[in-house]
Amino acid sequence: MRLVKQGRIATDIFLHVADGAELPEDGAILIPAARFLENAETLSQRADKIGVIWPNNRDLDDLVPYLDRVVVVALVFPSFRDGRAYSQARLLRERYGFKGELRATGQVLRDQFVFMLRAGFDAFEVKKDADADAFAETVKRYTVFYQPTGDGRVTALNRRMQLRHSESASQ
Amino acid sequence: MYAYDELDRTLINERVSEFRDQVKRRLSGELTEDEFKMLRLQNGVYLQLHAYMFRVAIPYGTLSSKQLRRLAHVARRYDRGYGHFTTRQNIQYNWIKLADLPDALADLAEVGIHAMQTSGNNTRNVTSDQWAGVAPGEIEDPRIWSELLRQYTTLHPEFSFLPRKFKFAITASEHDRAAIKVHDIGLRLLKNADGETGFEVLVGGGLGRTPFIGKTIKPFVHGRDLLSYVEAILRVYNQYGRRDNIYKARIKILVHELGIEKFAKEVDEEWKLMGDSALTLDNSVVEEVRSRFSYPAYEKLPHMPDELKQAAHDPLFERWRKNSVTPHKVQGYSIVTLSLKPVGGPPGDATADQMDAIADLADKYSFGEIRVGHEQNLALPHVAKRDLPALWKALDRIGVATPNVNLVTDIIACPGLDYCSLANARSIPIAQELTRRFSNHDTASLIGRLHINISGCINACGHHHVGHIGILGVEKNNEEYYQITIGGRADENAEVGTLIGPAVPYAEVADVIEDIVEAYLALRDRPEELFVDTVKRLGVEPFKERVYATR
């Protein structure tokens, strides 16, 4: 597994704390949602960075009050066929304005990169090294997008309208 | 016709190159079959009994002659010289090799055809009335909206991994030829009191293991809000649709389990939260897409040209005309249906030579345009009436003028056990046998409109639930048995058929169907009462008595 962040292979500074495992005194941690919520107020006070692993079947409403205190939200793809986290990602970015790191975890293959970027992910725990290495070229694969999402890429419809306007302006 | 622009072309070329890379990675072993499965399914490639099956989209059933020739080319070059038109405005090739697929896709992309999302758990090909834009009385051409939806659903970053497949159908006519009530989302185009375009939105229709007729979730959604409302539905479904059981994963089950009121409330809440969405379609955007649809320059022609008067003396021509030719919105023109249901043939198949010939005839007689309908027939949508006699002769020569449109031999059937790895029983030979039994045109004509639908398994690709007579293949002690339902229909009065009695073995199916038809002829109160109406009036019992009395 390799971490790709901002388009590059990166070192993961976050310690993944499993359920039941002891919390380290300091250092950046990534902890499961249930454990975070049990003790959210105290955990949010930690001096070091904290991120939360949010399951794809848990309502985001429980997380929203803490979004300004977590630096990472890691969403989960238990299998690449399970697309619930795409909706969660868009809601976090586009509805709740989450500005921190949005990390894709679980079954992450290169064939999902473009979808994930468009949904708002900016960090990827990539299952296969070869896929992580191919990140930069894979995400260049598409230059045309039909749907507006929060990622700011201009849609085909908008490009057409711009083209129309510039054509009529030049006449 | 919708003309692709540079952006549409770029996108499908990018998709072809991505798929080429995916196939390469599969062939080199970099991808496991399990990983590749999802990727190939997103591009219409199934693994069947004997080979890969490749399903290509024909969005809203509109094809140019150039595109049809290219479909013929793919059949000839990469397959065994024929293709199979499906109930959802797709064409399938049954013998394609994995290594050839990227080239076949690239050839298709050159004429603006793709196979994106023709299978897999995503939003499928958007289907529409095959007579869109030419049917008399149509409110407006629904293909503008179909195309907007096609673009919106293509490679959607949020909804490409849904709990299960998801199908849209649109109609803008009172008579529903697009079967919108048995789709995940069905859209009926309407005008509001101010003359603005919008849609009655139906949700949760579908066939398969648990058939449901779609329910109205909103009686009117303004055209400008169509995409945002659809997004709200899809988001609720993506989050709450069941993923624990493939047979309970369609939106129809979610709608059924929550109830339409609660589901509608969830969707409305989501829709409100979306607020003023970037998906709002202002008029200029809709007009932009509309402007890329071209329409024929029709001539001013007489309602009854001399050629037609003369040909009326030929009973064979008249027989065909009465059956296969329907009114066009423009005087002097007709819509001509081409039957892909010859006696003894597999329903919906066309050879590459037939496709080429039809493309030539479309150029000569139909402004280069062809339509594909969900009944697995083709149509030439703009034929001048004066050309009908000449066209008929040409169609007859290539075997697509069987005068059985909407009659008992116009059978819808899935590929069944002859091709499909999911099937429990054969469909095609049943259809073939039935076309032989009812091959006498006068008998078929006497029977009148009667739709037989055959599915080789519970997945219901042959839409047996909504056939006037539905035939479903099941397996019983390693033998092919068939359950028979009657009274189903897929139109604006859609209904799921009722089981008539115990399943019957393969060899008896055609006899049973003959008995049902005979019962109908005896029971109908006048010749104009259609089979479905007789079943509606009398219920299943009198049919059951007659069919099972001697069995």
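# Briefing: chains A and B

In β10 of chain B, B:Val221 is the bridge partner of B:Phe199. The model is predicted.

**Sheet in chain B**

- Strand β9 of chain B spans residues 197-203 and pairs with β10(B) in the antiparallel sense, over five bridges.
- Five strands form an open sheet in chain B, in the order β6-β7-β8-β9-β10, and the pairing is mixed.
- β6 (127-128) and β10 (215-222) of chain B are the edge strands, each of them pairing on one side only.
- Strands of a sheet pair through backbone hydrogen bonds, in either the parallel or the antiparallel sense.

**Packing of α6(B) and α8(B)**

- The angle between two packed helices and the distance between their axes are used to describe them.
- For α6(B) and α8 (residues 260-274) of chain B, the angle is about 125° and the axes are 9 Å apart.

**Contact between the chains**

- Chain B has 31 residues in contact with 29 residues of chain A.
- On the chain B side, the elements giving two or more residues are α1 (6-27), α2 (33-41), α5 (143-153), α6 (226-240) and α9 (283-291).
- Of these, α1(B) gives the most, with six residues.
- The side of chain B that touches chain A is made up of 13 nonpolar, 10 polar and eight charged residues.

**Chain A**

- Seven helices and eight strands are found in chain A.
- Along the principal axes, the C-alpha atoms of chain A fill a box of roughly 70 × 35 × 30 Å.
- Chain A has 171 residues, and buried residues make up 39% of them.
- Among contacts in chain A with a separation of 6 or more, 47% are between residues 24 or more positions apart.

**Buried residues of α2(B)**

- In α2(B), the buried residues are B:Phe36, B:Leu39, B:Arg40 and B:Leu41.
- These buried residues of α2(B) pack against α1 and β1 (45-47) of chain B.

- B:Gln117 has a phi near 60°, a positive value in a residue other than glycine.
- B:Gln117 is placed in the loop between α4 (101-109) and β6 of chain B.
- B:Gln117 counts as buried because it has 26 C-beta neighbours inside 10 Å, and the cut-off for a buried residue is 20 or more.
- B:Asn406 has a phi near 70°, also a positive value in a residue other than glycine.
- The loop between α13 (388-397) and β16 (412-413) of chain B holds B:Asn406.
- B:Asn406 counts as partly exposed because it has 16 C-beta neighbours inside 10 Å.

Methods: Residues are numbered from 1 along each chain as its sequence is written. Chains are lettered from A and ligands numbered from 1 in the order in which they are written. This is a predicted model: local features need pLDDT of at least 70, side-chain atom pairs count only at pLDDT 80 or more; totals for chains, interfaces and linings use all residues. Two residues are in contact if their C-beta atoms, placed from the backbone, lie within 7 Å. Helices (H or I, at least four residues) and strands (E, at least two) are DSSP runs, numbered from the N terminus. Ala, Val, Leu, Ile, Met, Phe, Trp, Tyr, Cys and Pro count as nonpolar, Asp, Glu, Lys and Arg as charged, and the others, Gly among them, as polar. Two strands pair if DSSP finds at least two bridges between them. Axes are lines fitted to C-alpha atoms, for helices over the stretch in contact, and angles run from 0 to 180 degrees between N-to-C directions. A residue is buried if 20 or more other C-beta atoms lie within 10 Å of its own, exposed if 12 or fewer, and partly exposed in between; C-beta atoms are placed from the backbone.
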